[in-house]
Amino acid sequence: MKILVTASSKHGATDAIADAIAQRLRGAGHEVVREAPQDVTSLDGIDAVICGSAVYMTQWMEPATSFLRRFETTLSRIPVWAFSVGLSGVPKHSPQDPSRIGPVLLKVRVVHHQVFPGRYDPAMLGLRERSIARLAGAVEGDFRDWTAVDAWTDSIIDDLAAR
Ligand SMILES: Cc1cc2nc3c(=O)[nH]c(=O)nc-3n(C[C@H](O)[C@H](O)[C@H](O)COP(=O)(O)O)c2cc1C
């Protein structure tokens with residue numbers, strides 16, 4: 001199958017998760033198009049889509065939300081999986097719950113929406129972002145769970161095989 005893996009990332013943590021998903025799908029024999037959402041001009045020939053975004057201030061990033069809007073009609077005809085990357089789920093002082101981005105996804109019916117923990121590295125951020133994150137009680141660290149990413153990708157591979 002030909003699968004589009006697309007994700008919005010500001011500081012790279014989400015992009016690396018999308019890359020890992022793409023690589024695993026390729027390993028399972030799928031043809032994968034790995035593109036940023038703003039670069040996608042057509043979904044012709046695409047059999048399934050995996051779309052993700054980092055969560056900032058409880059929201060998906062604009063390129064990912066406008067991708068879902070732009071291709072709303074086509075996306076209603078093919079299976080779509082979504083993933084959100086944020087710091088909620090990270091123990092202690094969790095920032096806002098990424099499930100609040102739900103209304104964005106409601107426009108497109110997804111097979112499954114997965115939340116993955118991300119990374120908070122103050123050294124990568126500007127002063128404003130650092131202050132917001134600190135106020136929200138963000139815990140410093142890289143909380144990405146590659147085993148969970150692989151497991152979710154495997155569930156997609158199984159689902160596609162059953163279709
Ligand atoms: C200013 C700021 C706001 C954030 N807001 C949220 C939020 O509302 N919910 C959440 O779960 N994570 C939030 N985060 C955490 C990011 O989603 C997390 O750092 C993520 O890994 C960033 O991904 P990226 O490197 O792909 O941009 C925020 C981080 C920053 C710096």
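Cys51 touches Thr6, Ala7, Pro37, Ala64, Phe67, Leu68, Val80 and Ala82, leaving out residues up to four places away in sequence; two residues are in contact if their C-beta atoms, placed from the backbone, lie within 7 Å. The model is predicted: local features need pLDDT of at least 70, side-chain atom pairs count only at pLDDT 80 or more, and totals for chains, interfaces and linings use all residues. Residues are numbered from 1 along each chain as its sequence is written.

Cys51 is also among the residues with the most contacts inside the largest nonpolar core, together with Val5, Ile21 and Ile50. This core has 32 residues. A nonpolar core is a set of buried Ala, Val, Leu, Ile, Met, Phe, Trp, Tyr and Cys residues joined through C-beta atoms within 7 Å. A residue is buried if 20 or more other C-beta atoms lie within 10 Å of its own, exposed if 12 or fewer, and partly exposed in between, with C-beta atoms placed from the backbone. Two or more residues of the core come from each of β1 (2–8), α1, β3, α2, β5 and α6 (146–162). Helices (H or I, at least four residues) and strands (E, at least two) are DSSP runs, numbered from the N terminus. In soluble globular proteins, nonpolar side chains tend to be buried together.

Eight of the nine residues of β3 are buried, so this strand is largely enclosed by the rest of the structure. Strands β3 and β1 are parallel and pair over six bridges; two strands pair if DSSP finds at least two bridges between them. Within this pairing, Leu4 has Val49 of β3 as its bridge partner. Strand β5 also runs parallel to β3, joined by six bridges, and the partner of Val49 in β5 is Val80. With β4 (residues 59–60), β3 pairs in the antiparallel sense over two bridges, and Val55 has Trp60 as its bridge partner in β4. These two strands form a hairpin with two residues between them, and Met57 in the turn has a positive phi of about 50°.

Strand β1 is mostly covered, with six of its seven residues buried. Four bridges join β1 to the parallel strand β2 (residues 31–34), where the bridge partner of Leu4 is Val33. Met1 is found in the segment before β1 and is partly exposed, with 17 other C-beta atoms within 10 Å. Apart from neighbours within four places in sequence, Met1 is in contact with His30, Asp47, Ala48 and Leu160.

In helix α2 (residues 62–70), Ala64, Thr65, Phe67 and Leu68 are buried. Seen down the axis of α2, the buried residues fall within an arc of 155°, so they line one face of the helix; the arc is that of the directions from the helix axis to the C-beta atoms.

The ligand is surrounded by 25 residues, the closest being Ser9, Ala13, Thr14, Gly86 and Gly118. A residue is near a molecule or strand if its C-beta atom, placed from the backbone, lies within 6 Å of it. At least two residues of this shell are supplied by each of α1 (13–27), β3 (48–56), β5 (80–86), β7 (119–120) and α5 (127–135). By class, the shell has 13 nonpolar, nine polar and three charged residues; Ala, Val, Leu, Ile, Met, Phe, Trp, Tyr, Cys and Pro count as nonpolar, Asp, Glu, Lys and Arg as charged, and the others, Gly among them, as polar.
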